Amino acid sequence: MKYALFLGCMIPLRLPNLEYATRNVLAEFGVELVDMREATCCPDPIGIRNMDYLTWLAIAARNLAVADEMGLDILTLCNGCYETLKTAYVTLTEDAEMREKINEILAKANREFKGKAKVKHLLEVFYHDIGLQKIREMVKRPLEGLKVAAHYGCHILRPSEILKFDDPENPRKLDELVEALGATPQQYEMKTLCCGAGLRNVMSEYSIRMAREKLVRVKEAGADCMVVACPFCFIQYDMGQFEIRRLTKERFDIPVFYFSELLGYAIGLSPRELGLGMHRVKVDRVLKKIR
Amino acid sequence: MLSEIAEKIQICVACGTCVGGCLVSRLDKRFRPMRIIHTAVVDVNRLINEPSVWLCSYCYICSERCPKAVEFPDILTRLRNYIAKHGNLPAAYKMLLANISKHGTALELDEFALMEREEYGLPDPSPSQETIKEIKSIINTSGLSVFIREG
Ligand code: SF4
Ligand code: SF4
């Protein structure tokens, strides 16, 4: 298995610990990653798309063209990148007129969208390409007794007719992955609620209150921790707990894991190899529960 | 551009499903996806100075549940493009564009992340000057560069 690694912005520039954990975990599964040295911001599915749809599509198409040239499918670590790149891929594959328009713009940068490279989210690679069976075999430290609340995030599920990853109202693939690690997927109310990251820069109070809505329900359900598959969701729920404390005086103390970290721990990697010391809400208490 | 969405807007049956599932609507009664659609039907220019237009978080719950497949977030994208062209765009988005045009990424690599990357032995993630030139040429063709000068 070999992919063009699309890092995006948030993970390499703000959360390198998640990149480090993911690279280490994928190496254990024998997955080969080739860095996309010529890639740029995906670009983000809200800001740039809101300014000018065509520019957004063209920059995304340029990233896809880079992977076309590499002859590899793209692996993304972020829901935002996934939504942007996959939407661009689907739009340009299905709409010939738009494809021509975008390729005209790309020609000025000596690029061409060919539609060969497919876009895959990290969870798709784990669930479909590696598979639950292989993951179960690799687990050396089953996460027995750990109640994990899975947060999928919006842009891996919706719009479902484009992304086609899982059931948009009742997703289960991340829960199955959690189960494969020996942990118990903790169900909770309103699982598909948005983390609020989309409003972080324009209306931060709402963004914090949106994150709070989910944390309240996760806490009520009695989960030990949360697992996410996107760096934006990660920041919303990890650092967000301190922002909520400032705003409403509530304290949640729910450790948040990015999926590679939880998987890495279950297959026997050390907290150091997973960069687990970088979390705002400390994870030690949860790890002790496993040992 | 707006004629593309006019038709879609007309099929809304005002059932309110989009409002019911919307977390932002729950936090702020001034924000109603249905109301934005109806205002756009009457006169899209009324939205130019309407702050609530910028409150959608793009979670796509409304469009997923809409019985008429109105696809509010996609309509809103076109509306926001129109509003942006008429001079009203949140400063945060202008900054985002300025960053992408300058660095190729939405954020700058700060010293803390750089140190952390070195400690982990991770490669330099910064796009090359050649790559940034390509991105600039794309941004220039769209006329978006006007926001960079403002931002
Ligand atoms: S759910 Fe669809 S049809 Fe119903 S009010 Fe909202 S946009 Fe209109
Ligand atoms: S996409 Fe926007 S309007 Fe629709 S439910 Fe989400 S926040 Fe509300």
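Trainee: Why are Arg111(A) and Glu134(B) said to meet in a salt bridge?

Mentor: A salt bridge is a side-chain nitrogen of Lys or Arg within 4 Å of a carboxyl oxygen of Asp or Glu. The side chains of Arg111(A) and Glu134(B) come to 2.8 Å, N to O, so the pair meets that rule. Please keep in mind that this is a predicted model, in which local features need pLDDT of at least 70 and side-chain atom pairs count only at pLDDT 80 or more, while totals for chains, interfaces and linings use all residues. Residues are numbered from 1 along each chain as its sequence is written, chains are lettered from A and ligands numbered from 1 in the order in which they are written, and side-chain values use heavy atoms, with hydrogens and water left out.

Trainee: How many salt bridges does the rule find across the interface of chain B and chain A?

Mentor: The rule finds 7 salt bridges across that interface.

Trainee: What makes residues of chain B count as being in contact with chain A?

Mentor: Contact means heavy atoms within 4.5 Å, and 58 residues of chain B are in contact with 60 residues of chain A. Between them the two chains bury about 5200 Å², 65% of it on carbon and sulfur atoms, where buried area is the accessible area (1.4 Å probe) that two parts lose on being put together, summed over both. Glu64(B), Tyr120(B) and Ile138(B) supply 12% of the area that chain B buries against chain A, more than any other three residues.

Trainee: Why do E6 and E8 of chain A count as edges of their sheet?

Mentor: The open sheet has 4 strands in the order E6-E5-E7-E8 (chain A), with parallel pairing. Strand E6 (184-185) and strand E8 (256-258) of chain A each have a single partner strand, so one side of each is left without a neighbour in the sheet. Strands here are DSSP runs (E, at least two residues), numbered from the N terminus.

Trainee: Which residues are around ligand 1?

Mentor: Among them are Cys12(B), Cys15(B), Cys18(B) and Cys66(B), each with a heavy atom within 4 Å of the ligand. The shell divides into 10 nonpolar, 2 polar and no charged residues, where Ala, Val, Leu, Ile, Met, Phe, Trp, Tyr, Cys and Pro count as nonpolar, Asp, Glu, Lys and Arg as charged, and the others, Gly among them, as polar.

Terms used. Two strands pair if DSSP finds at least two bridges between them.
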